[in-house]
Amino acid sequence: LAGSITHDIKQPITAALVSADTCVRWLARTVPDLDEVRAAAARMSIEVRRANDIIDRVRSLYTRSAPRRDILDVNELVREMAALLEREAIVHHVSITTDLEPTLPPITGDRVQLQQVLLNLMLNAIEAMKGGAGTLQIASRGNPDGEIQISVTDTGIGLPTEHVDRIFDAFFTTKPKGTGMGLSISRAIIESHRGRLWASANPAGGATFQFTLPNGPGEADG
């Protein structure tokens with residue numbers, strides 16, 4: 001539980017710090033770019049609120065409150081996360097593209113939790129492409145089973161072939177400073193929404209992480 005909470009809280013705090021540093025850089029210019037400062041401050045505000053929401057979710061574990069379920073537009077969630085990580089991607093010479101099916105039906109789910117999943121998968125992809133220009137693509141589709149399917153594809157270093165069957169295990173990590181909780185938490189969140197999360201290697205290099213969500217109204221598992 002401590003590892004899970006640490007991982008969840010660290011993500012928005014790290015994103016808020018990146019935006020704060022961006023504010024300082026733009027203000028330090030001879031002629032400050034106030035439009036960039038406002039945008040960075042807005043991103044910071046979003047992340048601080050997200051951290052607060054996560055704390056509220058943790059508190060709900062002990063007060064036995066019902067999981068939050070809202071009607072959500074998956075494409076909107078993707079666009080929000082792409083905008084949030086735009087600056088991080090630029091710093092690491094990564095291009096973020098989207099290919100979103102425009103007529104997808106809404107889903108019922110926890111906005112903060114699904115944002116966590118997207119953020120984790122996208123940050124992992126950006127990290128896998130550090131040191132060279134790369135492309136991160138997020139796509140949405142309806143699949144033959146009537147579910148909504150989201151894919152996060154990168155052109156990075158690919159999956160650790162010798163450990164590919166363990167990447168979703170709690171506390172397993174190939175990163176020097178990793179907690180080994182990100183993918184495990186992400187899979188648990190998707191499964192609580194009655195979906196699936198899996199990964200595959202791309203023939204031309206890199207990796208693709210995909211998850212499904214049932215569309216329409218419905219109750220996710222508590």
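The legends below go with several close-up views of a predicted model. Local features are described only at pLDDT of at least 70 and side-chain atom pairs only at pLDDT 80 or more, while totals for chains, interfaces and linings use all residues. Residues are numbered from 1 along each chain as its sequence is written, and side-chain values use heavy atoms, leaving out hydrogens and water.

View 1. Helix 5 covers residues 111-128; helices here are DSSP runs (H or I, at least four residues), strands are E runs of at least two, and both are numbered from the N terminus. Its 18 residues reach 26 Å from the first C-alpha to the last, close to the expected 26 Å (1.5 Å times one less than the number of residues). At the start of this helix, a side-chain oxygen of D110 comes within 3.1 Å of the backbone nitrogen of V112. Why is helix 5 described as largely enclosed by the rest of the structure? Because 13 of its 18 residues are buried, meaning under 20% relative accessible area, with exposed over 50% and partly exposed in between (1.4 Å probe, protein chains only).

**View 2. Helix 5 meets helix 6.** Helix 6 (residues 182-192) is mostly covered too, with eight of its eleven residues buried. The two helices pack at an angle of about 145°, with their axes 9 Å apart; axes are lines fitted to C-alpha atoms over the stretch in contact, and angles run from 0 to 180 degrees between N-to-C directions. Residues making this contact (heavy atoms within 4.5 Å) include L114, V117 and L121 of helix 5 and L183, I189 and I190 of helix 6. After helix 6 comes R194, with a positive phi near 65°.

**View 3. The largest nonpolar core.** This core has 39 residues; such a core is a set of buried Ala, Val, Leu, Ile, Met, Phe, Trp, Tyr and Cys residues joined through side-chain atoms within 4.5 Å. Which element gives the most to this core? Helix 5 does, with eight residues. Among the residues with the most contacts inside the core is L114. Not counting residues up to four places away in sequence, L114 touches L72, L77, I107, I189, I190, H193 and L213.

View 4. Q210 sits in strand 7. Is Q210 buried or exposed? Its relative accessibility is 17%, so Q210 counts as buried. Its side chain makes a polar contact of 2.7 Å with the side chain of Q149. A polar contact is a pair of N or O atoms within 3.5 Å; within protein, one must be able to donate a hydrogen and the other to accept it, and residues adjacent in sequence count only if both atoms are side-chain atoms.
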